[in-house]
Amino acid sequence: MGGIADSLLLVSLCGLCTFLTGLSLSAIATNGAMKGGGPYYLIGRALGPEVGVSIGLCFFLGNAVAAALYVLGAVETFLKALPSAGFFTETSTKVNGSVSKPLQTISTHDLQIYGLVVTVILCIIVFGGVKMINRVAPVFLIPVLLSVLCIVIGIFMAKKDDPDTGITGLSADSFKDNWDSMYQNTNSDGIPDRDGKVYWNFNALVGLFFPAVTGIMAGSNRSASLKDTQRSIPVGTLSATLVTTLLYLVSVFLFGAVANREKLLTDRLLTATIAWPFPIVIRVGIILSTLGAALQSLTGAPRLLAAIANDDILPVLNCFRVADTSEPHIATLFTTVICMGCVVIGNLDLITPTVTMFFLLCYSGVNLSCFLLDLLDAPSWRPRWKFHHWLLSLLGALLCVVIMFLISWLFTVVSLALASLIYYYVSIKGKAGDWGDGFKSAYFQLALRSLRSLGAKQVHPKNWYPIPLIFCRPWGKLPENVPCHPKLADFANCMKKKGRGMSIFVNILDGDYHECAEDAKEACKQLDTYINYKNCEGVAEIVVATNMTEGFRGIVQTMGLGNLKPNIVVVRYPEIWRRENLKEIPTRFVGIINDCIVANKAVVIVKGLDEWPNEYQRQYGSIDLYWIVRDGGLMLLLSQLLLTKESFESCKIQVFCIAEEDSDAESLKADVKKFLYDLRLQAEVIVITIKSWDVEGGSQQDDSIEAFNDARKRVASYLAELKEAAKREGTPLMADGKAVVVDEQQVEKFLYTTLKLNTTILRYSRMAAVVLVSLPPPPINHPAYCYMEYMDLLVGNVQRLLM
């Protein structure tokens, strides 16, 4: 139907596709040792386990279905040669609307019966192992070579004076008449019929012919059985591709000149009609060649499935796992069952497009793998096969996609959807596997280029992302096998918009680096496991230092690269310090804050982490901000990020501003509203004049005043001890290992201001979902103990507080 012109284009197109794929396959196969699995192994190691498994399973299905295609082809040829072997009645067909002569058609039931029997016999041979397959291989190969020889002789010896048979011999007139295409309808048996339901065009012929060039993976499918894969696969694949493509092209010329169009359309075994001197050899050769191809498919497909199962990516495939030297018997049975199911369908033309899609999908994966590896040019990419280029691989991949859509856009969409579903299933249910694939290399190079493009200049506010440094263990010792507070990852996720952004979880081990290096690696694994369990995008880092202070200073200075350094330090509030009498904590706490100020890092202190909600605990009420000093809008940003989480999405934001005088309240409120409007933030503004605060009756105020008085007594006692020690030793007032200057009136003022702020928070925000307040910086030259007293007074009785 396609004529000589379209047939040449068809063979060239398919041959070019397989040749380019062979070049890519040769390059990847010669880049290191190649284990079992063939193209799956190559694609998986280049594009990652998810892509490898999805394409590998599709390729397995393609091979299993192709086996059925070859079995049906062999059975059809056998029944054509011996019509009496059929069990069911055959019918005549029409040619171009008129009965030319009775043409017998093969019953679908005969195809099914003989096909199932042949499939079982082939399965028994496959069960015998590779040695048995190699022994029977010459039985399939020799008749095929003899058939080709008989066909060529028959073409040149064909009679030219018998036009009634449709055989014209090698004729220029026949060549000219058959040059152009003449597409038409056929019946289900492929016989031209004006009333036929099947219409043929070039696209349909591509789908029909392409399975004839799908044997290029036969060698790689048996890669585990090859002695030298790096030599056998390139030489065998490319030589076979070139020889068969040349043979196809020559056949188009010869058959286009040896018979008229009607003969070419109606005689489905024209090769046997022309062959000389033994036409029967052609039928035997067709049967044995198709059975050999079916045997190759039934041999390669189970090994492919076993290789996927052995990689232990999908637990559901564990039943197909085998030892390295064992035969995949269970996988062979499963492949045979699939093959039998397709044989029962009994229609070659329905099966071929399905096979074609799966093979083209695999070929495109091989080409994309070579394209990616060639383009990235990683240090490990050193293939022995030098005749490759990323442009050729890209052309091969695009050609595969074009052919897929040429054949059928519907089959293409279905096959891509199936591969996508398998990919999604593997990414959800599969086990993680790091094979050093090309995508990881691409991510690495992309990250390097992005880092260089960001530079070291300050990031524009529009492009600013919070990169929190989560300090896991600054206070006390956690229980065994607990890397950090269980709610830290929940809080870290609340600091990201829609999960985007990176968190760095850091822990510090006290000790000598050489002695604690192995402990640090184990702790890092535990911390990384915790991060993954919490579905938090972050990395784990463990630092060994002589003490906590030195370790933290090193982290703040060196963690990160360029503009990807952490910009927010998150620390839990040390609520245990007074309960467990940990006197070193105030110094460490103040030191962390001061170090962050020097390093120009924002600081978020979390109080009430035990009560922090997870993603399933919905919160109601308000998120209250007490805006005391200008903080660059960090509190506003954090409140907006909280609203993007399901647990806080039902809350509203309230901004409390502290005014010195009553007269400043209205103007301050208007300024803040305008500021929020410009930032596109929805929030209620409430102005409080702190000088109008008065002590009202009630247990709430009584508790605050009692806490205030207790703090005054403890501070007075602490300062008295410092003065006594200084007087006794004859030194200046010393605290935390350094000289301090204490203004008792200023200490009293700080305590009183903190008391008023705490009482205001309890009055307006006792029922708030979370409270955010500006963190007062530690006063210069004040003892850390005094600052800790201020903080304790500020956070008292507040359930959930961010400072």
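This is a predicted model: local features need pLDDT of at least 70, side-chain atom pairs count only at pLDDT 80 or more; totals for chains, interfaces and linings use all residues.
Residues are numbered from 1 along each chain as its sequence is written, and side-chain values use heavy atoms, with hydrogens and water left out.

Strands here are DSSP runs of E with at least two residues, helices are runs of H or I with at least four, and both are numbered from the N terminus. Strand β8 (residues 622–627) is largely enclosed by the rest of the structure, because six of its six residues are buried, where buried means under 20% relative accessible area with a 1.4 Å probe, protein chains only. Ser 622, Asp 624 and Tyr 626 point one way from β8, while Ile 623, Leu 625 and Trp 627 point the other way. Six bridges join β8 to β9 (residues 652–659), the two running parallel, and four bridges join β8 to β13 (residues 770–773), again running parallel.

These strands sit in an open sheet of ten strands with mixed pairing, in the order β5-β4-β3-β6-β7-β14-β13-β8-β9-β10, and two strands are said to pair if DSSP finds at least two bridges between them. The edge strands, each pairing on one side only, are β5 (538–545) and β10 (684–689). Elsewhere in the sheet, β3 (residues 468–471) and β6 (residues 568–572) run parallel and are joined by three bridges, with Leu 469 standing opposite Val 569 in β6. Helix α19 (residues 513–533) packs on the sheet, touching β4 (503–510) and β5, and its direction makes about 160° with that of β5. For such angles, axes are lines fitted to C-alpha atoms, for helices over the stretch in contact, and the angles run from 0 to 180 degrees between N-to-C directions.

Which residues does Leu 676 touch, not counting residues up to four places away in sequence? They are Leu 636, Val 655, Leu 681, Ala 683 and Val 685, a contact being heavy atoms within 4.5 Å. Leu 676 lies in helix α24 (residues 665–678) and is buried, with a relative accessible area of 3%. From Leu 676 to Val 655 there are 21 residues in sequence and 9.8 Å in space, C-alpha to C-alpha.

Let me finish with two helix pairs. Helix α20 (residues 548–558) and helix α22 (residues 585–598) pack at about 20°, with their axes 10 Å apart, which makes α20 roughly parallel to α22. On the α20 side, Met 548, Phe 552, Arg 553 and Val 556 meet Arg 588, Ile 592, Asp 595 and Cys 596 in α22.

The axes of α3 (residues 49–81) and α16 (residues 409–429) come within 8 Å and cross at roughly 135°, and the two helices are therefore oblique to each other. As for the cut-offs, angles under 35 degrees count as roughly parallel, over 145 as roughly antiparallel, 65 to 115 as roughly perpendicular, and the rest as oblique. Among the residues making this contact are Leu 57 and Leu 61 of α3, and Ile 422 and Val 426 of α16.

Note on methods: Buried means under 20% relative accessible area, exposed over 50%, partly exposed in between (1.4 Å probe, protein chains only).
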